[in-house]
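Please keep the sequence and the structure in view while reading.

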Amino acid sequence: MAGSTPLQKREVDDENESSSSMRTAETILRLLPMGLCVVALVIMLKNSQTNEYGSLSYSDLGTFRYLVHANGICAGYSLLSAIVAAVPRPITMSRAWTFFLLDQILTYVILAAGAVSTEVVYLAYKGDTAVTWSESCVSFGGFCHKATVSVSITFIVSLCYAGLSLLTSYQLFSKYDAPVSFYNNKGRIEIATY
């Protein structure tokens, strides 16, 4: 920067350094759920058990198929978004809105997959006498254990996506100015202005 003072140069350097550290943190926060999604996906894909009572596989239950698909989609999105986030360029409004909306959608997709799968795992452990669904984990303990691990990892992914949603909402809404307050009360009602 020609003609700038040392203080202005230092401010620009500090801004670039904080932007670089924020970009690194965002990239790591985007890569972490990718690894966890792949682990949860592989555990569930390999989840099957055969014994004298029959065989049980993740593909027999639609809920677990949804969990596998949701983890796969989130892993792919995490990889692509980490690549885009790692590229050093300024965050535009369209990029901020895109990350914000996609992070929100995928947070709810993976949270829904975890919640629905938790219900099925709970019913497999406890059963439901009202609808004569017996406890299947007594006969298929290995299957239930792997399903529990996969669902638990999925909830950790949900927490990562919640953190990403907070980060992207901060990045997006910090681009907007605070609302301008107009104070024309004339002594009637007291209004708080920001």
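Of the 194 residues of the protein, 33% count as buried, where buried means under 20% relative accessible area, exposed means over 50%, and partly exposed lies in between (1.4 Å probe, protein chains only). The model is a predicted one, in which local features need pLDDT of at least 70 and side-chain atom pairs count only at pLDDT 80 or more, while totals for chains, interfaces and linings use all residues. Residues are numbered from 1 along each chain as its sequence is written, and side-chain values use heavy atoms, with hydrogens and water left out.

The secondary structure comes to four helices and two strands, taken as DSSP runs (helices H or I of at least four residues, strands E of at least two) and numbered from the N terminus. Along the sequence these elements follow the pattern α-β-β-α-α-α. A contact here means heavy atoms within 4.5 Å. Among contacts between residues at least 6 apart in sequence, 76% join residues at least 24 apart.

Helix α3 covers residues 93–126, which makes 34 residues. After α3 comes Gly-127, with a positive phi near 75 degrees. Asp-128 lies in the loop between α3 and α4. At 28% relative accessibility, Asp-128 counts as partly exposed. Not counting residues up to four places away in sequence, Asp-128 touches Leu-123 and Trp-133.

Within helix α3 sits Ala-113, which counts as buried because its relative accessibility is 0%. With neighbours within four places in sequence left aside, the contacts of Ala-113 are Tyr-66, Leu-67 and Ala-70. The C-alpha atoms of Ala-113 and Asn-71 are separated by 8.5 Å, the two residues being 42 residues apart along the chain.

Leu-67 and Asn-71 come up again at Thr-154, which touches both of them along with Ala-40, Ile-110 and Gly-114, not counting residues up to four places away in sequence. Thr-154 belongs to helix α4. Is Thr-154 buried or exposed? Its relative accessibility is 0%, so Thr-154 counts as buried. The side chain of Thr-154 also reaches the backbone oxygen of Ser-150 at 2.8 Å. That distance falls under the definition of a polar contact: a pair of N or O atoms within 3.5 Å, where within protein one must be able to donate a hydrogen and the other to accept it, and residues adjacent in sequence count only if both atoms are side-chain atoms.

Two further residues can be followed along α4. Ser-165 lies in this helix and is buried, with a relative accessible area of 7%. Ser-165 touches Asp-103, Gln-104 and Thr-107, residues up to four places away in sequence not being counted. Between the C-alpha atoms of Ser-165 and Leu-106 the separation is 9.5 Å, for residues 59 apart along the chain. Thr-168 is likewise in α4 and counts as buried at 1% relative accessibility. Leaving aside neighbours within four places in sequence, Thr-168 is in contact with Phe-99, Phe-100 and Asp-103, and also with Glu-26 and Arg-30.

Helix α1 holds Leu-32, which is partly exposed, with a relative accessible area of 43%. Leu-32 and Tyr-161 are 129 residues apart in sequence, and their C-alpha atoms are 9.7 Å apart in space.

The last topic is the largest pocket. On a 1 Å grid over the protein atoms alone, a pocket is an open set of points with protein on both sides within 12 Å along at least five of seven lines, and lining residues have an atom within 4 Å of a point. The largest pocket has a volume of about 290 Å³. Its lining consists of 15 residues, and Ser-19, Met-22, Arg-23, Ile-91 and Gln-171 lie nearest its centre. Which helices each supply at least two residues of the lining? They are α1 (6–45) and α4 (141–173), and α1 gives the most, with five residues. By type, the lining divides into six nonpolar, four polar and five charged residues; Ala, Val, Leu, Ile, Met, Phe, Trp, Tyr, Cys and Pro count as nonpolar, Asp, Glu, Lys and Arg as charged, and the others, Gly among them, as polar.

Terms used:
1 Å grid on protein atoms, 1.4 Å probe; cavity = no way out; pocket = protein on both sides within 12 Å on 5 of 7 lines; lining within 4 Å. Points joined across faces, edges and corners; volume = space filled by probe spheres on them. Expected span 1.5 Å × (residues − 1).
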